[in-house]
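Please examine the sequence and the three-dimensional structure shown here.

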Amino acid sequence: MADSINHQQDEASELTLFDIAWDDVLFAKVLPLLSLQDLFNFRCCSRLSKHFVDNGFQRMRILNLSGNNNRCIERAFQVVSRNSGNIRTVNLAKCSWLHDGLLSSFLQLNTRITRINLSECVNITSASLQPIIIECKELTVLKLARCNWLTIGAMEALTLHHSKIQELDISHCNSLNERCISVFLLNCRRLHTLSLAYLPSVTDNLLYSIAKNTKEIRHLNVIGCQMITDRGIGALSLYCKKLESLMVRDCPYITERSLSLLRGKVFIDRPRNYQQQLPMAANIRFPRLFLQV
């Protein structure tokens, strides 16, 4: 009896982490709690741990490397890219190490991506979007803020191949013109979130297009669009009945006359008593101020 108990204790002492069910426990419950650095540290422990982590990469659905510019991150991304294939959400914003070769290889192996953020990635070009445009047919969220490499041709190709996009951020993309954005809106009628902040090409005509073609719009950001006026906002108030938030700071020709039509129904980032900074001539005289004591 004692011998059998000792034998059972010896067997129990030989159990390791890898004896726990991989699919039901380790991949499902443990791996999501580990950072990318933790995974690579564990990957270096043994051949079995390397095999385990690589299998975990194959099951990975979310990859977030936003702002991660560690000196080893490029090599780590290559390993993840080589072993992954089921990623749905990827955030590579502000990754200065990212270039066309790395991104294209990653996208060719992960064609089921639905959400991607490449904002402020300065070392890639519009050529790297080709796998997204051609292969990622389920794409619903695309964020390309401050991507000056985004061209009109790339935007037109995106319009041609995608109609399911629901969220688009092209803020500060100064190479785009009003026409290519209008054509995109005409094709993507499911769009509910749109950011056009600081685009010099945005005018009332584009707001008319949004009001006419994108009636599902709920969140609109036109901060810093200097050419839009009360007429464009009036069109939004008339046709965009599902609008929930409107960002209009630094828009000098939008006044309370149009914003009052939306207040109480829509969140607006400007208070009623907002003092607009209008461009003024050099010889204009300011009114005399009287102080009350």
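Threonine 214 is buried, because its relative accessible area is 1% and buried means under 20%, whereas exposed means over 50% and partly exposed lies in between (1.4 Å probe, protein chains only). The residue is found in the loop between helix H10 and strand S7 (219–221). Helices (H or I, at least four residues) and strands (E, at least two) are DSSP runs, numbered from the N terminus. Not counting residues up to four places away in sequence, threonine 214 touches Leu185, Cys188, Leu191, Ser209 and Cys240; contact means heavy atoms within 4.5 Å.

This is a predicted model, in which local features need pLDDT of at least 70 and side-chain atom pairs count only at pLDDT 80 or more, while totals for chains, interfaces and linings use all residues. Residues are numbered from 1 along each chain as its sequence is written, and side-chain values use heavy atoms, with hydrogens and water left out.

Serine 245 lies in strand S8 (residues 245–247). This serine counts as buried because its relative accessibility is 11%. Its side chain is joined to that of histidine 219 by a polar contact of 2.7 Å. A polar contact is a pair of N or O atoms within 3.5 Å; within protein, one must be able to donate a hydrogen and the other to accept it, and residues adjacent in sequence count only if both atoms are side-chain atoms. Leaving aside neighbours within four places in sequence, serine 245 is in contact with Arg218, His219, Leu220, Val266 and Phe267.

The strands form an open sheet of nine, in the order S1-S2-S3-S4-S5-S6-S7-S8-S9, with parallel pairing. Its edge strands are S1 and S9 (267–268), each of which pairs on one side only. Two strands pair if DSSP finds at least two bridges between them. Strand S4 (residues 141–143) and S5 pair in the parallel sense over three bridges, and the bridge partner of lysine 143 in S5 is aspartate 169.

| Helix | Buried residues | Packing partners |
|---|---|---|
| H5 (residues 73–83) | Ile73, Ala76, Phe77, Val79, Val80, Ser81, Asn83 | H3 (36–43), H4 (47–59), S1 (62–64), H6 (100–109) |
| H9 | Glu178, Cys180, Ile181, Ser182, Phe184, Leu185 | H8 (152–161), S5, S6 (193–195), H10 (204–213) |

At the start of H9, a side-chain oxygen of asparagine 177 reaches to within 3.3 Å of the backbone nitrogen of arginine 179.

Which loop holds histidine 172? Histidine 172 is in the loop between strand S5 (167–169) and helix H9 (178–187), and its phi is near 65°, a positive value in a residue other than glycine. Glutamate 120 also has a positive phi, near 60°, and is likewise not glycine. This glutamate is located in the loop between strand S3 (115–117) and helix H7 (130–135). Glutamate 120 is partly exposed, with a relative accessible area of 33%.

Isoleucine 20 occupies the loop between helix H1 (2–13) and helix H2 (22–30). At 38% relative accessibility, this isoleucine counts as partly exposed. Together with Leu17, Val25, Val30 and Leu34, Ile20 makes a nonpolar surface patch of about 340 Å². Patches are made of residues with over 30% relative accessible area and no salt bridge: like charges are joined within 9 Å, and nonpolar side chains (Val, Leu, Ile, Met, Phe, Trp, Tyr) within 5 Å. A salt bridge is a side-chain nitrogen of Lys or Arg within 4 Å of a carboxyl oxygen of Asp or Glu. Accessible areas come from the Shrake-Rupley method with a 1.4 Å probe; for residues, only the protein chains shown count as cover.
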